[in-house]
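Please keep the sequence and the model in view while reading.

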Amino acid sequence: MDVLDQRIISHLVADARASYAEIGAEVGLSAPAVKRRVDKLLDLGVLQGFTAVVDPEALGWGTEAFVEVHCSGNVPAHRIRTGLEPLPEVVAAYTVSGQADAIVHLRAANIHHLEEAMERLRSVEFVSRTVSTVVLSRLLERQPQPE
């Protein structure tokens, strides 16, 4: 990946709907050259796809929390994932270092819905306890960009 690829990625992160011609005009390449580079970045897995970014509050899912999940015994990551996948409120989950086995990001319609989701999370067979932090406001959220 060179400087041109990084500039193309930066433009796509800012506006994934930009045409190859628009991006090419910004980076000094023709539209076909930009397309070839984007295709290469997709093939290499640097770009993993294009998607619409939706405001969760607009969909009625404006309440969120981060939950430390502590497991009973040694539970492999794939089993944690399998246990969390059926819960639609889980929007992300990560294995972590430290005392918790995983961190789970939950989204819900309201605090009552969040409470129900947390009860279902605590009822997953290998979960021994949870520690929850409810988000009051989102200060910063952005996609990584090349330097």
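Two strands are said to pair if DSSP finds at least two bridges between them. Strands (E, at least two residues) and helices (H or I, at least four) are DSSP runs, numbered from the N terminus. With these terms, His70 has Arg129 in strand 4 as its bridge partner.

This is a predicted model, in which local features need pLDDT of at least 70 and side-chain atom pairs count only at pLDDT 80 or more, while totals for chains, interfaces and linings use all residues. Residues are numbered from 1 along each chain as its sequence is written, and side-chain values use heavy atoms, with hydrogens and water left out.

**The annotated region**

- The UniProt annotation "domain: HTH asnC-type", from an unreviewed entry, covers residues 1-62; positions are given in the numbering used here, and such annotations may be inferred rather than shown by experiment.
- Over residues 1-62 the chain is 55% helix and 0% strand, with the end C-alpha atoms 38 Å apart.

**Helix 1 and helix 2**

- Helix 1 (residues 3-14) packs against helix 2 (residues 20-27) at an angle of about 130°, and their axes are 10 Å apart; axes are lines fitted to C-alpha atoms, for helices over the stretch in contact, and angles run from 0 to 180 degrees between N-to-C directions.
- Helix 1 and helix 2 are therefore oblique to each other, given that angles under 35 degrees count as roughly parallel, over 145 as roughly antiparallel, 65 to 115 as roughly perpendicular and the rest as oblique.
- Their contact (heavy atoms within 4.5 Å) involves Leu4, Arg7, Ile8, His11 and Leu12 of helix 1, together with Ile23, Glu26 and Val27 of helix 2.
- By class, this contact has five nonpolar, one polar and two charged residues; Ala, Val, Leu, Ile, Met, Phe, Trp, Tyr, Cys and Pro count as nonpolar, Asp, Glu, Lys and Arg as charged, and the others, Gly among them, as polar.

**Contacts of helix 3**

- Helix 2 and helix 3 (residues 31-44) have axes that come within 8 Å and cross at roughly 100°, which makes helix 2 roughly perpendicular to helix 3.
- Tyr20, Ala21, Ile23, Gly24 and Val27 of helix 2 meet Ala31, Val34, Lys35 and Val38 of helix 3, a set of seven nonpolar, one polar and one charged residue.
- Helix 1 packs on helix 3 at an angle of about 85°, with the axes 11 Å apart, and the two are therefore roughly perpendicular to each other.
- Leu4, Asp5, Ile8, Ile9 and Leu12 of helix 1 touch Val34, Arg37, Val38, Lys40 and Leu41 of helix 3, and this contact has seven nonpolar, no polar and three charged residues.

- Four strands form an open sheet in the order 2-3-1-4, with antiparallel pairing.
- Strand 2 (90-95) and strand 4 (127-134) stand at the edges with a single partner strand each, so one side of each is left without a neighbour in the sheet.
- From one strand to the next, the twist averages 20°.
- Strand 1 (residues 63-71) pairs with strand 4 over seven bridges in the antiparallel sense.
- Strand 2 and strand 3 pair in the antiparallel sense over five bridges; Ala92 has His105 in strand 3 as its bridge partner.
- Six residues lie between strand 2 and strand 3 in their hairpin, and Gly98 in the turn has a positive phi of about 105°.

**Helices on the sheet**

- Helix 4 (residues 77-84) lies across strand 1, strand 2 and strand 3 (102-108), running at about 165° to strand 2.
- Helix 5 (residues 111-122) packs on the sheet and touches strand 1, strand 3 and strand 4, its direction making about 155° with that of strand 4.
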